[in-house]
Each structure stands twice: as C-alpha cells, then as structure tokens.
Amino acid sequence: MNKDIEYRLCDILDSLVDLGLEELVKEQTAETMNEIIEEGFSSQIMKNICSTLAREISELNDSPMDSSRLHPSSSSFDSFSNDLLAFLKSYDYPYRGDPRADKLKIVEFLVTELQAARMTAPTDLMEVDSLEIPENIKELYNSLKTMCEDLDIDFDPNNATHQAALCDKKIKELLQKAPKNYISDPILSQDKLTQADMKTVQEIYEAFRDEYTHRFTVLRKRLDVTLQSFLWSEKVKADEAQMKRIIVQKLRALPEGPTVKLHDLFCAQSDLAIISKTSNMTSQSNSSLKSVVMGAVPDRGGRVQESKGMPEFKPREESKPGEQRHAGKSHGWG
C-alpha cells in the first residue's frame, strides 16, 4: 500500500468519525480498511458503510431514489452492487467507467456527498447538534443544552424559553431536597457592582484571558513538537498512519483556548476561596497511608553543629625528578 492510498484511507476514517459514524469503522486502521475495500461488496463492513452513507444522503436530499434496497442484510452481492451503481448514477457519479472497478473512489464519493448534504439540508431534517446557531448566542445555546442533559430534560432548541423555565423549576426542586446552605453565597455578586466596577472586572478578565490564551498556545505547540518527535522514530513507521489518525482525533477534541467565561466568576461560591493547608491537622484525611510507621534508618549525618570543620591546608609537594604527575583518574593504559 503506497502512501497516497494510505492517506486517502486515513482521511476516510477521520471523515466518518467527524460525521458521527465511527461505529462503522470501530477499531479499523488504514491497513484493515484497505483490506475491506479490496474485498469489496463481499465484505459486510463495506456494505454497511456504503448503505449507511447512501441511506442518509437519500433522506437529507429527499431523493426519489429508493435507498432502502441498499440494506446490507437483505441484498446479495450482485443485487447490492447493481443497486449501488444505480444510486451513484442518480447522483451524477463523476468518474468514467464502471464505478465498481475502484471501490475506494465510491466510498470517498459517498462521504463527500453526505458532508455536502448535511451542510445544505433544511434544519428540520438535521440533528440538534448539526443546527447552525448564530455566533452571538452559541455559548448560551450550548450552556442551556448542557444544563438540560445534566438535569435529564429533553432538549428542544426551538423553544429555549420553555427549556430555561423547566431547568429553573428542576433546580429549585433539587435545592429543596439538598441540605441547608448547600450552595453558599457567590464570591462576587453582580447586583452589587456599579457600571464602573463591571468595566474593571471585564478588563481584568480580558487580561487573564489573553495571558492564558498565550500559555495555552505555547503548551499546544510543545505538544505538537513532542508528538512530531514520536513519529520520527523508526519503531512507529509501520503504524504511522494509525498514530496520525489517533493524534488528529485527540487534538480536535482539545479546546481552542481557555474555557473560563466571565459569568463563571459570578457563579463561583464563597467557599471556593477557603484554602486549607495540607499541613493542617483538621484538614488531613484519614488515609491508611498515615498509619504506616517507618523503621530505623541509617544515620546519614548532615548536622552542621556536629561538623568537624574543613581539612587543614597542606602545600603541594614537589614531584621528584623522573616522576610524572597525572591530573584526574588513571586511565590504566597497558
């Protein structure tokens, strides 16, 4: 398998993960994926990939082509191959000749078509996570969505006001069941700040955000360099494509910078400022480790008051004629 094929296969694996279809290629590598594609439609995994992609493309585009015939469990080799060929022709498959001759291009084409279909499909056909949210309310949208998930409330993006009311009601119910003073007062109450105070707080927040954004960028660059150094090793050449795919997935999951927002400051509780020293007996845990008693250990000295002083200075002795002085340790020649 040449490098070009390897990179194309890795790109397919990454794209399927980005599309949320990672179950189709779970634990697959570029090498095993190449074997699956070479096996063609005799492979159940290959049929699953093609049928899943074609079915969603058809649903999102409201296509007249019946993609239900592409179900992998209900089609023989010939019928599945012919149905897929008809599906590809209905979407103006751009490559000349019999598409079945190059199955890698088929998978690449289906992946690209699904990506395009998801970008252009009406929002009522899309999943909640694929909705296009205006940038100015995206943070609020994500916070509300996370809150609904934490509170086991079904999230409806089309009725945010009702969702917020349900969250508020659920939180109040939970607080009634919680111990008294379970939530302490905030460290900084926004109601007690003047407009000038808010401006100062905003400036402080922006200064910290910029500082830690720079720190994050430096750490991210160090991580990139470290990962790159791993790939230079001869020992990973055989698994280089798989390692690159895993690295890309992990790096994509990292945030682009500090995730602390200004509103987090006003949500912080006053007990956050209570710092208990680990040397404080009242804060020490009842760990079983603390019951371990060390036995007698050798006396290593080091006590200044018991020092016997520096050795006396002695003048250098002149070497006798015929003797040669050597600095350092003897090399033991001969």
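The following dialogue discusses how several features of this predicted model are read.

Biologist: On what basis are features reported here, and at which pLDDT do side-chain atom pairs count?

Modeller: This is a predicted model, in which local features need pLDDT of at least 70 and side-chain atom pairs count only at pLDDT 80 or more, while totals for chains, interfaces and linings use all residues. Residues are numbered from 1 along each chain as its sequence is written, and side-chain values use heavy atoms, with hydrogens and water left out.

Biologist: How is an aromatic pair described, and how many are counted?

Modeller: A pair of aromatic rings is described by the distance of the centres and the angle of the planes. Rings of Phe, Tyr and Trp (its six-membered ring) pair if their centres lie within 6.5 Å; planes under 30 degrees apart count as stacked, over 60 as edge-to-face and the rest as tilted. The count by this rule is one aromatic pair. F208 and Y212 form this stacked pair, at 6.5 Å centre to centre with 25 degrees between the planes. Both residues belong to helix α8 (residues 195-231) and are four residues apart, about one turn of the helix. Helices here are DSSP runs (H or I, at least four residues), numbered from the N terminus.

Biologist: Which charged end sits over the ring of Y212?

Modeller: A charge sits over a ring if NZ of Lys or CZ of Arg is within 6 Å of the ring centre and within 35 degrees of the ring normal. The charged end of R215 sits over the ring of Y212, 4.6 Å from its centre. Y212 has 39% relative accessibility and is therefore partly exposed; buried means under 20% relative accessible area, exposed over 50%, and partly exposed in between (1.4 Å probe, protein chains only).

Biologist: How is a salt bridge read, and what is the count?

Modeller: Side chains of opposite charge can pair when their charged atoms come close. The criterion is a side-chain nitrogen of Lys or Arg within 4 Å of a carboxyl oxygen of Asp or Glu, and the count comes to six salt bridges. One of them joins R8 and E108 at 2.9 Å, N to O. R8 lies in helix α1 (residues 3-18) and E108 in helix α5 (residues 103-120), so the pair ties together parts that are 100 residues apart in sequence. R8 is partly exposed, at 22% relative accessible area.

Biologist: Which residue forms a salt bridge with E149, and how far apart are the closest N and O atoms?

Modeller: The partner of E149 is K145, with the closest N and O atoms 2.8 Å apart. Both are in helix α6, four residues apart, and are thus separated by about one helical turn. K145 counts as buried because its relative accessibility is 17%, whereas E149 is partly exposed at 46%. In helix α7 (residues 160-177), K172 and D168 are likewise four residues apart, and their side chains meet in a salt bridge (3.3 Å, N to O).

Biologist: Is S51 buried or exposed, and where is it found?

Modeller: S51 is found in helix α3 (residues 44-61) and counts as buried, at 1% relative accessibility. A polar atom of the S51 side chain lies 3.1 Å from the backbone oxygen of N48.

Biologist: What is the phi of D152?

Modeller: D152 has a positive phi of about 60 degrees, although it is not a glycine. D152 is in the loop between α6 and α7 and, at 69% relative accessibility, counts as exposed.

Notes:
Helices (H or I, at least four residues) and strands (E, at least two) are DSSP runs, numbered from the N terminus. A polar contact is a pair of N or O atoms within 3.5 Å; within protein, one must be able to donate a hydrogen and the other to accept it, and residues adjacent in sequence count only if both atoms are side-chain atoms.
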